[in-house]
Amino acid sequence: MLERLTYEQLLETCSKEVRMGIEFIENHFITREERLTKRLEETSDYWLLRWLLKKRERILKTGYICSDAELMYVLNKVKHPLVNLFRKAATLPEFWLEDGDYDPALFDCPYLLWYLLKLGIGPENEFFRDAVEVFIKSVQTVKGEIHCNEIYHVGPMRVLIALEPQSKQTMMAVNFFVENLEDFKNYPEWEAIRILAIGGLGLWDFDYYRYRATIDEICEFLKQKQHDEGFWGSPKDPLIFICENTCYSVELLVRHLGPASPSVRKAVLWLKNQQDENGSWLNDAQATAYALLALISAGEGPKVPIEHVSVKEELRKQLAQRTKPQFVCTYPGPQEVVTEIKTTL
C-alpha cells in the first residue's frame, strides 16, 4: 500500500512532530543557496570563506552533494520528490568531488555510502564503486579493522554488509566487531553507544539468528546507559551528539524489543520535548534528521492500516502454499511406509 501513496498522502499519516521535521528539512534545501550567500557576505575567516565558496559552486552545478545523503534518506521515508533530483545529481562528478578529490565528508564518514546505497545509488555508479574501494576496502587491515574518523569501523562494516554480504572482507569486519565488543564498551560513552548501536544494526542486517546473543548483549548495554529522561549520552555532550546516539539506539531497540518497550517510549517522549517550534531540533538539519529517524523507526512515520498488513500476510501464506513442494511417491511397498516418508518430508 505504501508504494502506491504519494508524498502528500504519506506525510498525512505521520505524527505532527514528524511532519514538522520533514518540512524543516525540505525548507533547508529550498533556502540553502540563499543561506550560503548570506554566510559568504558575513564571514571574514579565509578558510571558512574558501570552504563556503567551494560548497556553493558545487551546489550551483548539481543542486545536491553526497554529504546530503542522510537528510535525503529521511525524506525518502515519505517519498519526497526532492529525492529523485538527488539521484540525478549523483551522476555528476561535482556531486562527489571537491577540487578533483572526494568530498572530505566521505573521508571522515564512509557510512554515508550506506545511505547512498539505500537511496538506490550503488555499484553501477563509478564514483560509488571507487569510493568504497578508497575509503573502506583499501584501508581494512588484515585483522578486519576499518579505520575512519566518524562511526569508526561499524559504519564501513554496515556498508560492506549491505553491499556484499558474502565477501571475505565483510566477514572479517563482522568478526573484528564481535571479537572486540568488550573493548568497544570501554570507549568514551558517547562513542561506545554509537559504535555498539550501529554495530548491532549491522549484525541484524547480516544474520540476526546467528548473532542474536550478541545483539541481546548490545541492547542490554544500551538500556543500562539510557538516562532516566530517555536520552543516551552525557548531559555534558553537545546536544547533536545526544540526538545522534539516541537515534541509533532507538533504531536498534525498536527492532529488538518493539516500539512499545519502555526504553523506546521514554526516548520518543524525550525527543518530542526537544523539538523547536519551527519543527527542527537545535535549528539544525542534521540533528533534525537524527531525531526523525528515531521517531519514524518507533512508529511515528508513515503508517499502514492493520487490515492491509493482514491481507498481505494472507497472500504470503497462499503463495507459500502454492510453492510448497508436492510429494509424489512411486514406492510400491506398504502404505505405512509411504505415510511415514510423506510425514518426514
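Visitor: Where is Asp68 found?
Guide: Residues are numbered from 1 along each chain as its sequence is written, and this is a predicted model, where local features need pLDDT of at least 70, side-chain atom pairs count only at pLDDT 80 or more, and totals for chains, interfaces and linings use all residues. Side-chain values use heavy atoms, with hydrogens and water left out. Helices (H or I, at least four residues) and strands (E, at least two) are DSSP runs numbered from the N terminus. With that in hand, Asp68 is found in the loop between helix 4 (46-62) and helix 5.

Visitor: Is Asp68 buried or exposed?
Guide: Buried means under 20% relative accessible area, exposed over 50%, and partly exposed in between (1.4 Å probe, protein chains only). Asp68 has a relative accessible area of 4%, so Asp68 is buried.

Visitor: Which residues does Asp68 contact, apart from its neighbours in sequence?
Guide: Contact means heavy atoms within 4.5 Å. Once the neighbours within four places in sequence are set aside, Asp68 is in contact with Phe29, Arg32 and Phe86.

Visitor: Let's move to helix 16. Which side chain of opposite charge is nearest to Glu251?
Guide: Glu251 is found in helix 16 (residues 239-257). Lys and Arg count as positive and Asp and Glu as negative, with His and the chain ends not counted, and a salt bridge is a side-chain nitrogen of Lys or Arg within 4 Å of a carboxyl oxygen of Asp or Glu. Glu251 is buried yet has no salt bridge. At 5.6 Å away, the nearest side chain of opposite charge is Arg158.

Visitor: And which residues does Glu251 contact beyond its neighbours in sequence?
Guide: Leave out the neighbours within four places in sequence. What Glu251 is then in contact with is Leu201, Leu293 and Ser297.

Visitor: What volume does the second largest pocket have?
Guide: Grid points are joined across faces, edges and corners, and a volume is the space filled by probe spheres set on the points. For the second largest pocket that comes to about 150 Å³.

Visitor: Which residues are closest to the centre of the largest pocket?
Guide: About 1000 Å³ of space lies in the largest pocket. It is lined by 39 residues, and the closest to its centre are Trp51, Lys55, Ser67, Asp284 and Gln286.

Visitor: How many salt bridges does the count come to?
Guide: One of them joins the side chains of Arg58 and Asp103 (2.9 Å, N to O). That pair links distant parts of the chain, with Arg58 in helix 4 and Asp103 in the loop between strand 2 (101-102) and helix 8 (104-108), 45 residues apart. Arg58 counts as buried at 5% relative accessibility, and Asp103 does too at 6%. The count comes to 16.

Visitor: How far apart in helix 15 are Lys223 and Glu220?
Guide: Their side chains meet in a salt bridge (3.3 Å, N to O). Lys223 is partly exposed, with a relative accessible area of 33%, and Glu220 is partly exposed at 40%. Both sit in helix 15 (residues 212-225), about one helical turn apart, a separation of three residues.

Visitor: Stepping back, what share of the protein's residues is buried?
Guide: The protein has 20 helices and two strands. Of the 345 residues in the protein, the buried ones make up 48%.

Definitions and conventions:
On a 1 Å grid over the protein atoms alone, a cavity is a set of points where a 1.4 Å probe fits but cannot get out, and a pocket is an open set with protein on both sides within 12 Å along at least five of seven lines; lining residues have an atom within 4 Å of a point.
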